[in-house]
There are 2 protein chains.
Amino acid sequence: MDKIRLDFNNMMTDFVGEHGICEGDIRKLEGKIDAAKKAMKDKRETGKMDWRDLPYNQDEVVEEILQYVNEVKDDIEAFVVLGIGGSALGPIAVQQAINHPYYNELSRDKRKGFPKLYVADNVDPEKLVYLFDTVDVTKCLFNCISKSGSTSETMSQFMIIKEMLEERLPKEEAAKHIVCTTDKVNGNLIRMAKEEGYKTFYIPSGVGGRFSELTPVGLLPAAMCGIDIKELLKGAAYMDEICKEGDIYKNPAYMFAVLSYIGMGQGKNISVMMPYADSLKYISDWYAQLWAESLGKKYDNNGKEVYVGQTPVKALGVTDQHSQVQLYTEGPFDKIIVILGVDEFKETITIPKIYGDIPSLGFLGGVTQNQLIKTEQTATEYALLKSGKTNMTITLPKVNEFTIGQLLYMLEVATGFAGELMEINAFDQPGVEEGKNATYAMFGRPGYEEKKKELDERPAKKDKYIIR
Amino acid sequence: MDKIRLDFNNMMTDFVGEHGICEGDIRKLEGKIDAAKKAMKDKRETGKMDWRDLPYNQDEVVEEILQYVNEVKDDIEAFVVLGIGGSALGPIAVQQAINHPYYNELSRDKRKGFPKLYVADNVDPEKLVYLFDTVDVTKCLFNCISKSGSTSETMSQFMIIKEMLEERLPKEEAAKHIVCTTDKVNGNLIRMAKEEGYKTFYIPSGVGGRFSELTPVGLLPAAMCGIDIKELLKGAAYMDEICKEGDIYKNPAYMFAVLSYIGMGQGKNISVMMPYADSLKYISDWYAQLWAESLGKKYDNNGKEVYVGQTPVKALGVTDQHSQVQLYTEGPFDKIIVILGVDEFKETITIPKIYGDIPSLGFLGGVTQNQLIKTEQTATEYALLKSGKTNMTITLPKVNEFTIGQLLYMLEVATGFAGELMEINAFDQPGVEEGKNATYAMFGRPGYEEKKKELDERPAKKDKYIIR
């Protein structure tokens with residue numbers, strides 16, 4: 001069984017020195033850890049963490065997805081996700097991890113007959129217009145993902161695309177080019193889908209955006225590109241069992257959360273995720289949302305102002321050794337660096353034995369790129385250690401659906417557990433409302449007159465603070 | 001003239017409140033600012049900042065590049081950069097800013113006859129093998145970029161590709177598929193280039209990697225994809241003039257540095273760059289190296305241990321409103337958020353007037369995506385302001401070669417100036433040596449026996465700190 005592992009030696013004072021964490025720090029948290037364990041258990045049992053059951057309760061959904069993929073895949077050139085936040089980051093992360101890095105440039109044959117995948121996750125007008133340069137909309141299947149059906153970004157794209165399709169195709173035919181992933185009962189999108197006859201998959205009502213990758217939000221795009229979604233869920237289920245372990249020294253998710261929590265208390269307000277594998281690059285993007293949006297909170301559970309949260313930073317090894325590692329080794333002691341490693345790559349490539357007489361190149365001859373990337377990873381861990389910078393490593397024996405399922409689920413549990421330790425609500429996002437409301441007000445949406453007034457009355461900018 | 005502008009209203013206490021900066025804070029720095037101005041002037045005059053002259057002294061180089069591009073472009077399908085750090089980040093940032101976001105997927109015709117562009121900036125074996133799935137090496141031109149010719153990552157890729165080419169083509173023909181960008185005199189690569197007859201462009205010896213985008217490092221890949229490199233340099237020259245302004249209230253680079261420096265002193269150890277335009281997304285990656293590697297330093301100019309540096313974070317508007325903005329608004333007061341805005345996009349797309357009866361969607365009807373992205377940017381600036389989070393905005397009237405040249409040059413000057421204020425050396429990177437040396441030692445490179453011994457003797461990891 002390919003099981004992922006967590007090595008936190010370089011987090012500990014025994015190794016990293018004074019800026020590290022000692023076992024006593026962990027022991028001191030015993031009461032808090034027990035309370036967090038209990039809260040996690042209670043929330044799961046009382047239906048407040050529905051994402052935890054996703055590995056188990058989707059047999060029917062999975063069959064429906066696979067059948068749908070089978071029905072439609074030959075008729076479309078590209079599958080286009082219209083989604084933002086978790087609806088985009090999850091699908092991108094899994095596609096990039098499992099499939100060919102140049103997937104969309106391959107022939108249909110090399111893609112094993114599956115369509116291309118695009119994810120439109122911004123409202124940049126250039127990006128959208130240029131997408132239409134690249135694909136023929138009448139040969140695309142558009143997957144509109146929005147639980148509420150009122151996400152401005154996604155729905156505005158949807159409105160544009162719906163009209164384009166209906167201009168080019170008979171209405172009934174156009175409807176076949178749209179598939180919705182939304183709430184089963186509430187919101188605009190489910191109503192439209194029923195009226196127009198769009199194919200629909202459901203997001204369980206208790207699962208929030210950043211925890212939704214293992215719902216049809218992520219499963220449909222993955223299956224559409226030939227990714228084995230059953231294995232993805234199996235990996236998550238396997239990790240769920242591991243995460244039931246009460247001893248935190250045997251529970252990677254809990255230990256990850258505990259170390260992060262103690263680190264935050266030491267002023268480490270930055271959480272770097274640095275995969276040493278291009279395939280895992282976008283796991284960092286997905287994690288950045290999960291960690292930031294869950295733990296970045298103004299109030300704790302008692303309503304006290306706390307302004308907490310660790311800022312995620314996306315890096316990539318070895319590439320960022322030539323960009324960020326100077327700062328990581330020599331800069332402030334303000335980070336926990338989480339390295340993602342891979343034991344076994346899918347490909348091997350050997351550096352030829354030439355330039356044997358050049359000292360700075362000769363040693364590379366006969367070495368594989370696999371050895372080179374692994375050795376540089378070890379060297380970076382060592383350099384960080386030597387400069388007293390806390391780091392830990394999560395290793396995937398191989399990158400496949402089963403290990404990615406484990407990794408995503410482990411980080412989700414770690415995030416939930418960190419939220420309990422911090423005594424905040426990891427599952428809401430009140431801080432995004434202000435910007436949304438200001439947007440509505442500026443567009444004159446009815447009901448936002450007060451906000452409009454507030455905006456109109458804000459003090460004028462000072463010209464001396466603008467350099468033109 | 002399209003001039004970029006800096007709006008720092010939301011950095012100031014008059015607007016953002018207690019966590020902001022007041023004019024008095026800036027006045028107090030007067031002496032330090034004067035000293036920094038003098039140091040910048042002196043360094044330039046004594047040839048210690050050769051990158052500052054790049055907008056002026058490359059007429060011949062530019063002509064040679066354009067001529068070379070003209071000669072070779074029709075014969076190749078793809079131009080492949082082998083480079084890491086600045087040699088990759090600069091070319092990617094400019095390509096993404098100026099050219100079509102799906103450039104490599106377009107027909108040759110839509111690419112105006114220019115080849116595809118790939119940048120191989122990692123030693124991941126999968127990525128390299130998969131690149132060979134995607135392109136025919138005998139139809140590629142490989143641009144090996146390394147000043148010293150001893151960058152392990154780049155040179156190992158070069159060795160693999162050189163052998164592949166020579167297996168498939170007569171040696172003389174193979175040599176035509178390689179172009180080197182390197183030092184004119186020193187290092188392995190220039191020697192090899194001369195021996196093998198490779199076409200070569202030079203990196204001025206006084207220009208470091210992260211300041212090299214306006215040398216052939218960046219100019220050759222840009223010109224090869226049809227980007228107007230003369231305009232890029234013109235933009236940089238235009239900004240250089242602006243940066244000669246002594247009054248920091250009229251000098252955007254100096255003001256950017258001063259505000260960042262004061263922010264760091266207030267504990268803001270994070271610098272977020274958040275473009276509201278997909279085209280500018282990779283400017284953040286380029287900036288992340290520039291800012292991190294230049295300012296992340298252990299020692300100050302007097303040799304005192306200081307462990308300074310602000311950690312750059314890459315974000316993207318509006319996308320990351322659904323990922324990072326919850327943390328930015330509600331989390332700690334530990335960031336300066338630099339927004340990049342665009343006045344005028346190259347394309348316009350209008351949201352159709354449908355769903356007029358649905359309150360959460362009706363207001364979108366008839367609005368352009370251009371208005372939507374701009375409005376959301378303003379709304380986010382407002383939400384950040386309202387939550388007391390310092391932010392400033394750099395606006396490009398349009399995204400083109402001239403404004404990108406300005407932006408890159410402005411950020412370079414800002415970085416240099418910040419280094420002076422911090423009293424550190426912004427132009428070295430001693431912190432990357434430890435990892436390099438450890439890599440050499442692990443591969444048994446002669447001369448690294450001591451380091452090998454040190455590594456062999458490091459304490460064994462504790463098994464209880466590994467969860468398997």
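**Entry: two tyrosines in chain B**

I began with Tyr355(B), which I found in the loop between β11 (335-342) and α15 (359-362) of chain B. I note that this is a predicted model. I looked up the phi angle of Tyr355(B): it is about 60°, positive although the residue is not a glycine. Is Tyr355(B) buried or exposed? I counted 21 C-beta neighbours inside 10 Å, so Tyr355(B) counts as buried. The cut-off for buried is 20 or more.

Next I turned to Tyr307(B), which sits in strand β9 (residues 305-308) of chain B. Its phi is near 45°, again a positive value in a residue other than glycine. Tyr307(B) has 16 C-beta neighbours inside 10 Å, so I put it down as partly exposed.

**Entry: cis peptide bonds**

I checked omega next. In chain A, the bond from Gly317(A) to Val318(A) is cis, with omega near -5°. Val318(A) belongs to the loop between β10 and α14 (325-330) of chain A. Val318(B) lies in the loop between β10 (311-314) and α14 (325-330) of chain B.

**Entry: strand β10 of chain A**

Which strand pairs with β10(A)? I found β7 (residues 270-275) of chain A, parallel to β10(A), with 4 bridges. In β10(A), Val313(A) stands opposite Val272(A).

**Entry: how the two chains relate**

I superposed chain A on chain B. The rotation is 180°, the shift along the axis is 0.0 Å, and the RMSD is 0.0 Å. That is the relation of a two-fold axis. Which residue of chain A comes closest to the rotation axis? I found Val313(A), with its C-alpha at 2.9 Å.

Then I counted contacts: 127 residues of chain A touch 126 residues of chain B. On the chain A side, helix α16 (residues 369-386) gives the most, with 12 residues. I sorted that side into 59 nonpolar, 38 polar and 30 charged residues. Of the interface residues of chain A, 99% are also interface residues in chain B, so the copies meet through the same surface.

Strand β13 (residues 466-467) of chain A and strand β1 (residues 5-7) of chain B are antiparallel, with 2 bridges. Ile467(A) stands opposite Leu6(B) there.

**Entry: domains of chain A**

I looked up the domain assignment. Domain 1 of chain A covers 5-44 + 233-422, and domain 2 covers 52-227. Their centres, over C-alpha atoms, are 30 Å apart. I counted 22 residues of domain 1 in contact with 21 residues of domain 2. On the domain 1 side, α11 (229-242), α13 (281-295) and α17 (401-422) each supply at least two residues. The largest share, 9 residues, comes from α13(A). This side divides into 11 nonpolar, 3 polar and 8 charged residues.

**Entry: the nonpolar core**

My last stop was the largest nonpolar core, with 307 residues. Those with the most contacts inside it are Ala257, Val258 and Phe417 of chain A, and Ala257, Val258 and Phe417 of chain B. What does Ala257(A) touch, leaving out residues up to four places away in sequence? I listed Ala414(A), Phe417(A), Ala418(A) and Leu421(A).

Methods. Residues numbered from 1 in each chain as written. Chains lettered and ligands numbered in written order. Predicted model: local features only at pLDDT ≥ 70, side-chain atom pairs only at ≥ 80, totals over all residues. Domains from an automatic or database assignment. Contact = placed C-beta atoms within 7 Å. Nonpolar A, V, L, I, M, F, W, Y, C, P; charged D, E, K, R; others polar. Pairing = 2+ DSSP bridges. Core = buried A, V, L, I, M, F, W, Y, C linked by C-beta atoms within 7 Å. Buried ≥ 20, exposed ≤ 12 C-beta atoms within 10 Å, placed from the backbone. Least-squares fit on C-alpha atoms with pLDDT ≥ 70 in both.
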